[in-house]
Amino acid sequence: MIYGQLVIGPPGSGKTTYCHAMSEYLQGLGRKVAIVNLDPANDVLPYKPSVDVSHLITVENVMEHIKLGPNGGLIYCMEFLEKKVDWLLDELQKVKDCYLLFDCPGQVELYTHNQSVQKIVSTLLKSGFMLSAVHLVDSHYCCDPAKFMAVLLTSLSTMLQLEMPHINVLSKADLIEKHGKLHFNLDFYTDVLDLEELVSLLSDDPFLVKYKKLNVALKELVESYNLVSFHLLSIKSKECMSKVLQAADKANGYVFGVNEENRNIQNMLSCAMSADFEDAKIADIREKYVSMDTESGQGYISQGR
């Protein structure tokens with residue numbers, strides 16, 4: 001089995017930075033790790049990729065020779081890679097003894113509408129790769145109820161489109177209040193609690209009040225699937241990196257394999273049963289980076305689901 005993470009998310013969510021930081025963290029644990037650059041528009045990398053799609057095709061060349069724009073060029077590149085997926089499989093055989101980190105493009109349409117990435121992933125899974133999607137979203141979107149609702153819909157759509165083990169991550173958690181204070185406590189956003197409260201906030205906006213029925217319908221859609229929740233990530237925190245890695249390893253099955261450097265029954269059971277209390281998962285971020293008071297000064301008391 002070849003294990004790894006498919007790192008996806010919107011532009012600017014920190015995918016490349018995460019791959020670099022996670023690679024160094026994994027090497028510190030004693031794992032052999034390889035980064036696979038699947039972004040044909042990413043020509044400035046902080047790491048040296050073991051496999052690089054730019055050796056096959058680049059957005060720059062597509063824009064120059066086929067006269068497409070940046071978005072159309074990126075879609076063309078991924079559709080071309082889908083047709084040349086055997087090239088990718090051959091390249092990956094060179095690093096088959098490594099834990100893989102796939103640094104993917106940031107165009108949202110590739111994961112919500114276009115099927116090229118889904119077909120590439122499906123081929124990898126059928127070829128014996130055990131992958132989990134790590135979907136990064138910039139955590140400062142939590143400060144805006146409308147943007148957080150959009151994040152929920154994008155995350156849900158991506159989960160349904162890719163059809164693979166999946167975890168959602170709020171990245172840059174150390175900057176979570178960069179664009180304003182949170183309206184609710186942190187667990188509201190990580191556990192996606194009581195979205196009725198979110199709809200109420202949207203209804204208070206004079207511009208959005210006329211879309212109340214639509215917002216209620218979107219809220220009910222997210223709740224009906226009951227799939228979306230988030231982990232917190234700050235690459236400056238080893239505790240955050242460890243928790244995200246643990247969640248990804250549970251999703252792709254690495255923790256249940258036979259080749260981990262320190263795998264034993266206690267570690268496997270602890271990971272499988274989610275031994276950490278829910279509050280402990282966000283305590284470090286909450287204490288360091290998040291004001292304990294919300295805008296009302298009262299805080300938000302989670303009611304559960």
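Modeller: Happy to! Let me begin with what the angle refers to: the axes are lines fitted to C-alpha atoms, for helices over the stretch in contact, and angles run from 0 to 180 degrees between N-to-C directions. Please keep in mind that this is a predicted model.

The pair to look at is α9 and α10, the latter spanning residues 212–225. Their axes are 10 Å apart and the helices pack at an angle of about 160°. Because angles over 145 degrees count as roughly antiparallel, α9 is roughly antiparallel to α10. As for handedness, the crossing of the two helices is right-handed.

Now for the residues that meet. From α9 come L195, E196, V199, L202 and S203, while α10 brings K212, N215, V216, K219, V222 and E223. Sorted by type, the residues of this contact are 5 nonpolar, 2 polar and 4 charged.

D194 sits in the loop between α8 (186–191) and α9 (195–204). Most residues other than glycine have a negative phi. D194, however, has a positive phi of about 30° although it is not a glycine.

E163 belongs to the loop between α7 (145–162) and β6 (166–171). With a relative accessibility of 61%, E163 counts as exposed, because the cut-off for that is over 50%.

Setting aside neighbours within four places in sequence, H135 is in contact with I8, G9 and P10, with S155 and T158, and with H166, I167, N168 and V169.

Stepping back to the chain, there are 13 helices and 7 strands. Of its 305 residues, 50% are buried. Among contacts with a separation of 6 or more, 76% join residues 24 or more positions apart. The accessible surface comes to about 14,900 Å², and carbon and sulfur atoms account for 52% of that area.

Methods
Residues numbered from 1 in each chain as written. Predicted model: local features only at pLDDT ≥ 70, side-chain atom pairs only at ≥ 80, totals over all residues. Heavy atoms only, no water. Helix = DSSP H or I, 4+ residues; strand = E, 2+ residues; numbered from the N terminus. Buried < 20%, exposed > 50% of the residue type's maximum accessible area, 1.4 Å probe, protein only. Contact = heavy atoms within 4.5 Å. Areas by Shrake-Rupley, 256 points an atom, 1.4 Å probe, with all protein chains shown as cover. Parallel < 35°, antiparallel > 145°, perpendicular 65-115°, else oblique. Left-handed = near helix turned anticlockwise from the far one by under 90°. Nonpolar A, V, L, I, M, F, W, Y, C, P; charged D, E, K, R; others polar.
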